[in-house]
Amino acid sequence: MDPNLALFANDAFYIAFENADFEAMAELWARDQVITCMHPGWPALVGREAVLDSWERILGNQSGDPVVAFNARAVIIDRLVNVICYERIAGQTLVATNLFAMEAGQLRLVHHQAGPCAEPPEPEPRSVQ
């Protein structure tokens with residue numbers, strides 16, 4: 001599995017997020033696997049309907065503050081790729097995990113989780129493991 005492909009998929013996720021593009025966001029998530037999502041302060045969401053409903057609500061109510069992802073790092077775990085990165089939005093920094101699995105020949109999101117980061121790093125060049 002190519003970690004660069006996961007970094008590209010991760011970039012597509014943040015482009016959809018920043019552009020409040022629900023259709024692009026929905027296209028990124030797996031269809032044939034159970035998906036999960038944990039937004040800061042929300043309960044855990046399980047299943048495509050619950051996860052996509054959350055994104056539709058979030059993208060439809062954005063404050064206009066851009067989401068900037070940085071320091072993305074792809075880690076291959078058997079048949080999964082975990083992309084760990086940081087998100088800056090509305091003056092705060094979150095640490096995020098985006099887990100991708102191969103589905104129908106494309107990497108698709110199966111899990112997203114973001115939470116506060118007390119001591120965020122400064123942006124650095126992208127690294128792949």
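1. In α3, the residues that are buried are Val 51, Leu 52, Ser 54, Trp 55 and Leu 59. Because these residues cover an arc of only 155 degrees around the axis, they are placed on the same side of α3. The structure discussed here is a predicted model, and the remarks that follow should be read as remarks on that model.

2. Helix α3 itself runs over residues 48-60, a stretch of 13 residues, and it reaches 18 Å from its first C-alpha to its last, which is close to the 18 Å expected at 1.5 Å a residue. On the face turned away from the buried side, α3 carries the exposed residues Glu 49 and Gly 60. The buried residues, for their part, pack against the helices α1 (3-18) and α2 (22-28), and also against the strands β1 (36-38), β2 (45-46) and β6 (106-116).

3. Phe 13 is buried, with a relative accessible area of 0%.

4. Six aromatic pairs are found when the whole structure is searched. One of them joins Phe 13 and Tyr 14, whose ring centres are 4.7 Å apart and whose planes stand at 85 degrees, so the pair is edge-to-face. Tyr 14, like the other residues named in this point, can be checked for burial, and its relative accessible area of 5% makes it buried.

5. A second pair is formed by Phe 17 and Trp 55, and because their planes stand at 80 degrees, with the ring centres 5.0 Å apart, this pair is also edge-to-face. The pair links distant parts of the chain, with Phe 17 in helix α1 and Trp 55 in helix α3, 38 residues apart. Phe 17 counts as buried at 8% relative accessibility, and Trp 55 counts as buried at 1%. Through ring pairs, Phe 13, Tyr 14, Phe 17 and Trp 55 are linked into a cluster.

6. On the cysteines, the count of disulfides comes to zero, the cut-off being a pair of sulfur atoms within 2.5 Å. Cys 37 is in no disulfide, and the nearest cysteine sulfur, that of Cys 85, is 13 Å away. Cys 85 is likewise in no disulfide, with the nearest cysteine sulfur, that of Cys 117, at 11 Å. Cys 37 is buried, with a relative accessible area of 0%, and Cys 85 counts as buried at 0% relative accessibility.

7. A last point concerns Asp 78, which lies in the loop between β3 (68-77) and β4 (80-89). Is Asp 78 buried or exposed? At 69% relative accessibility, Asp 78 counts as exposed. Asp 78 and Ala 101 are 23 residues apart in sequence, while their C-alpha atoms are 9.9 Å apart in space.

Terms used
Residues are numbered from 1 along each chain as its sequence is written. This is a predicted model: local features need pLDDT of at least 70, side-chain atom pairs count only at pLDDT 80 or more; totals for chains, interfaces and linings use all residues. Side-chain values use heavy atoms; hydrogens and water are left out. Helices (H or I, at least four residues) and strands (E, at least two) are DSSP runs, numbered from the N terminus. The expected span of a helix is 1.5 Å times one less than its number of residues. Buried means under 20% relative accessible area, exposed over 50%, partly exposed in between (1.4 Å probe, protein chains only). The arc is that of the directions from the helix axis to the C-beta atoms. Contact means heavy atoms within 4.5 Å. Rings of Phe, Tyr and Trp (its six-membered ring) pair if their centres lie within 6.5 Å; planes under 30 degrees apart count as stacked, over 60 as edge-to-face and the rest as tilted.
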